[in-house]
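Please consider the sequence and the structure shown below together. The explanation is intended to be read with both in view.

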Amino acid sequence: MPPISVLDLAHIPEGFTPSDALRNSLDLAQHAEKWGYTRFWLAEHHNMVGIASAATSVAIGHVAGGTRTIRVGAGGIMLPNHSPLVIAEQFGTLDALYTGRIDLGVGRAPGTDQRTLRALRRDPAAADTFPQDVLELQALLGPVQPDQVIQAVPGAGSNVPIWILGSSLFGAQLAAMLGLPYAFASHFAPGALIQALQAYRERFQPSAQFDRPYAMVGVNVIAADTDEEAKRLFTSAQQAFTNMFRGTRGKLQPPIDDIENYWTPHEKAQAMNMLSCSFVGSAKTVREGLEGFIAETGADEIIVASAIYDHGKRLRSYEILADVQKGMSKAA
């Protein structure tokens, strides 16, 4: 059984505030640390009223400051939105404060719509220079070179671990070429998962950071004491994806009794295709699903998103999953 980590979008449930969401993120991280999760990542999104982690490095500092041992990082920073120097300074500062616990996952998607991208004062074509930006970021976080004019302070010499995030062959090939760990966003974009993992592993070139490929794979897990309860909790995520197709994004909605009356057959097909890497049910059901998924993908690590409306039930889901992981590890 590979290590398991947490991917938190800092969802804002209907009837709650960003303050509530960020407090819940810290509380979840503290519990995840106690239950043995490997890392706790937050994701950058903008202009989304249901997600509170837009200022991702600030949210990471909030979580890292309230925990002691779990690794905390970005899953990820959308690098085309930022200057590599600014990100190097931000994550260099985080590393200076929480040395040895900070991860920096970077992706080339904007994490928002085109109008918001312009409001971020970024060129829509900035994604085209993503490979060069990653190299620049690596250099700024690496050892200072002779006659180097621009330095990230803090940041230079910190060697904060960089991960490449993606959902296509592009990210897989870049991670392989640079010898970096790779995280695939199959929790919402599973289509190219197997093909991307194969390309990454076949083309991997050892680097100073990693001497072999290391692939982390995203999934959704909604665990509860019974299959029926978990399926009901899952309707919050199903509503969220349906609303995305309708162009009515909002806060995370409470679960409902009958999702079939909420979406059309076409919306159901779209949503469940995106959510196909989801494991929903009791501990036994989740374990059976994960065992098959891990065997299929050969994932070195699993990172788990759980869009659950009630914070207490979200904690319970991750607690059940931690017990599942321990049981699988013991059996292995």
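The paragraphs that follow treat helix packing, a pocket and some backbone features.

The model is predicted, so that local features need pLDDT of at least 70 and side-chain atom pairs count only at pLDDT 80 or more, while totals for chains, interfaces and linings use all residues. Residues are numbered from 1 along each chain as its sequence is written, and side-chain values use heavy atoms, with hydrogens and water left out.

Helices and strands are DSSP runs numbered from the N terminus (helices H or I, at least four residues; strands E, at least two). Ala10 has a positive phi of about 50 degrees although it is not a glycine. Most residues other than glycine have a negative phi, and most peptide bonds are trans.

Helix α1 (residues 18-35) and helix α2 (residues 56-65) have axes that come within 9 Å and cross at roughly 45 degrees. This angle makes α1 oblique to α2. Axes here are lines fitted to C-alpha atoms, for helices over the stretch in contact, and angles run from 0 to 180 degrees between N-to-C directions. Angles under 35 degrees count as roughly parallel, over 145 as roughly antiparallel, 65 to 115 as roughly perpendicular and the rest as oblique. The crossing of α1 with α2 is right-handed, a term that applies if the near helix is turned clockwise from the far one by less than a right angle. On the α1 side, Leu22, Arg23, Leu26 and Ala29 meet Ala59, His62 and Val63 of α2, contact being heavy atoms within 4.5 Å. By class, this contact has 5 nonpolar, 1 polar and 1 charged residues. Ala, Val, Leu, Ile, Met, Phe, Trp, Tyr, Cys and Pro count as nonpolar, Asp, Glu, Lys and Arg as charged, and the others, Gly among them, as polar.

Helix α2 also packs with helix α3 (residues 84-97): their axes come within 10 Å and cross at roughly 5 degrees. That makes α2 roughly parallel to α3. Ser57, Ile60 and Gly61 of α2 make this contact with Gln90, Phe91 and Leu94 of α3. Its residues divide into 3 nonpolar, 3 polar and no charged.

Two cis peptide bonds may be considered next. One joins Gly75 and Gly76, with omega about 10 degrees, and Gly76 is found in strand β3 (residues 71-78). Another joins Val153 and Pro154, with omega about -5 degrees; Pro154 lies in the loop between α5 (130-141) and β5 (162-166).

The lining of the second largest pocket includes Gln138, Leu141, Asn159, Pro161, Ile162 and Ser207. By class, the lining has 7 nonpolar, 5 polar and no charged residues.

The contact of α10 with α11 comprises 9 nonpolar, 1 polar and 2 charged residues.

Conventions:
On a 1 Å grid over the protein atoms alone, a cavity is a set of points where a 1.4 Å probe fits but cannot get out, and a pocket is an open set with protein on both sides within 12 Å along at least five of seven lines; lining residues have an atom within 4 Å of a point.
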